[in-house]
Amino acid sequence: AGFGSGIVSNVPSGWLIPDLDKLAQLFNIYCNCNTGVPGGDFSLASITNGNARGNNRAVVEEDTAGYLQMDFDVDLMDRPLRGNVGVRYAKTDIKATGYLATAGGTEVTVDNSYKDWLPSLNVAWNFTDELIFRFGAAKVMARPQLANLSPGGTVNTTLRTITTGNPLLEPFRAKTYDVSAEWYFAEDSLLSAAYFYKDIGTYIQNLRETRPYNTTGLPDSLLPTGMPNDTPFEITSAVNTPGGPLKGFELNYQQAFRSLPSFWSNFGTLLNYTHVESEISYAISPTSNTYVIDNLVNLSPDAYNATLYYDDGKFSARVSGSYRDDYLQRVPGQNGNDVEGKRNTFNIDFSTSYDFTDNLSFTVEGINLTDEFNDQFVDSVGDRPSVYHHTGRQFYAGFRYKF
């Protein structure tokens with residue numbers, strides 16, 4: 001009774017929860033010493049579970065940057081031309097520490113650094129008072145996620161999996177070009193078209209492959225008795241690949257129906273369509289220069305959105321439909337499949353709000369009214385289902401008060 005407490009309520013149910021502080025005091029688990037209890041040697045020097053220590057990691061990232069920018073505002077053909085041109089210098093220093101899955105866990109620290117010069121240009125030209133042309137070009141980069149930089153890793157001999165980091169990862173790098181036209185034909189209204197091209201020069205891929213344990217460089221002592229060292233393991237790590245080109249266009253239409261009579265003037269609509277084509281190089285193995293070319297993961301080739309809204313300043317309502325095409329989630333796939341992906345979805349959502357005062361409002365929201373399933377597949381040829389989850393429609397109602 002001294003190591004837990006009950007929860008009493010008016011309903012015919014009860015719970016008993018542990019008192020974690022008293023359990024810690026009983027076994028003295030934070031003493032960094034041998035407690036004398038079987039299995040209770042908690043000194044760091046005696047820890048032999050390398051897998052557990054493999055979950056501990058530390059990454060220190062120091063970023064040094066500076067930029068030079070020049071803004072301009074001139075006339076071209078007696079029309080305003082404005083924009084900026086500049087360059088940014090960025091230097092990144094990384095010190096990553098992790099534990100390899102050896103007996104007791106071996107601490108490993110790896111240093112890495114890289115630098116980038118990132119020029120950019122942005123131009124906007126008011127061809128008329130309502131029509132604007134824009135152009136942009138830049139060299140860009142995005143640093144790897146810190147979790148991918150640990151030099152350590154874990155081994156699970158039951159599931160036969162190995163997960164390792166890569167402290168020598170280079171960042172995402174790309175050259176981008178954008179051109180667009182925007183026509184503001186009425187109040188709160190817009191019709192625009194944009195074309196974009198991105199040359200991805202360095203890409204980060206989470207690679208999962210199956211290969212024998214004895215090709216990993218880890219000691220055989222981590223394997224259980226009787227398990228051959230050529231047993232296949234599923235190995236996950238992050239690697240850099242050459243990337244590839246990505247291009248596409250986007251169309252936008254937005255209009256508030258101000259010219260309509262009476263309450264109809266409070267309606268409006270938003271429409272959007274995007275088409276993307278990509279050819280990304282994905283590594284087959286981190287130890288070879290063999291690649292396959294496929295679409296960028298998590299990016300649908302076609303997607304569109306449509307919204308109809310009403311807003312009179314006191315009551316507002318919005319109904320939105322959103323479609324996205326099939327898209328890939330992993331290339332190459334696991335277990336010999338070429339890809340893994342998710343099937344297309346079409347969702348309809350709605351939301352309403354009524355303001356009683358400037359501070360108090362009532363809201364109602366509905367999500368996934370089309371009752372879409374999470375439908376995932378493996379292999380582009382076999383097209384076999386792998387996940388089929390049903391979460392159903394969701395409805396929310398509540399009050400919001402602003403102080």
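**A residue and its surroundings**

Guide: At 28% relative accessibility, Glu61 counts as partly exposed, because that class lies between buried (under 20% relative accessible area) and exposed (over 50%), with a 1.4 Å probe and protein chains only. This is a predicted model, in which local features need pLDDT of at least 70 and side-chain atom pairs count only at pLDDT 80 or more, while totals for chains, interfaces and linings use all residues. Residues are numbered from 1 along each chain as its sequence is written, and side-chain values use heavy atoms, with hydrogens and water left out.

Glu61 belongs to strand 3, residues 57–76; a strand here is a DSSP run of E with at least two residues, numbered from the N terminus. Setting aside residues up to four places away in sequence, Glu61 touches Thr92, Asp93, Ile94, Arg143 and Leu146, where contact means heavy atoms within 4.5 Å. The C-alpha atoms of Glu61 and Lys95 are 6.6 Å apart, although 34 residues separate the two along the chain.

Two loop residues can be described in like manner. Pro167 lies in the loop between strand 8 (161–164) and strand 9, and is buried, with a relative accessible area of 9%. Beyond its neighbours within four places in sequence, Pro167 is in contact with Ala96, Val110, Asn112, Leu149, Ser150 and Pro151. Leu149 is 18 residues away along the chain, with a C-alpha separation from Pro167 of 4.0 Å. Asn266 sits in the loop between strand 12 and strand 13 (267–278) and, at 19% relative accessibility, counts as buried. Its contacts, not counting residues up to four places away in sequence, are Tyr309, Tyr310, Asp311 and Asp312.

Strand pairing comes next. Strands of a sheet pair through backbone hydrogen bonds, either parallel or antiparallel; pairing is assigned if DSSP finds at least two bridges between two strands. Strand 9 and strand 10 (residues 190–212) run antiparallel and are joined by 11 bridges, with Ser180 opposite Ala194 in strand 10. These two strands form a hairpin with 6 residues between them, and Asp188 in the turn has a positive phi of about 55 degrees. Strand 10 is also joined to strand 12 by 11 bridges in antiparallel fashion; there, Tyr197 has Lys247 as its bridge partner in strand 12. A further 10 bridges join strand 10 to strand 11 (residues 232–241), again antiparallel, and Arg211 stands opposite Phe233 in strand 11.

A nonpolar surface patch is formed by Phe135, Tyr177, Val179, Tyr195, Phe249 and Leu251, with about 530 Å² of accessible area together. Areas come from the Shrake-Rupley method with a 1.4 Å probe, only the protein chains shown counting as cover for residues. Patch members have over 30% relative accessible area and no salt bridge, nonpolar side chains (Val, Leu, Ile, Met, Phe, Trp, Tyr) being joined within 5 Å and like charges within 9 Å; a salt bridge is a side-chain nitrogen of Lys or Arg within 4 Å of a carboxyl oxygen of Asp or Glu. Strand 9 (172–183) and strand 12 (244–256) each supply at least two residues of the patch. Phe135 lies in strand 6 (residues 131–142) and, at 37% relative accessibility, counts as partly exposed.

Definitions and conventions: Helices (H or I, at least four residues) and strands (E, at least two) are DSSP runs, numbered from the N terminus.
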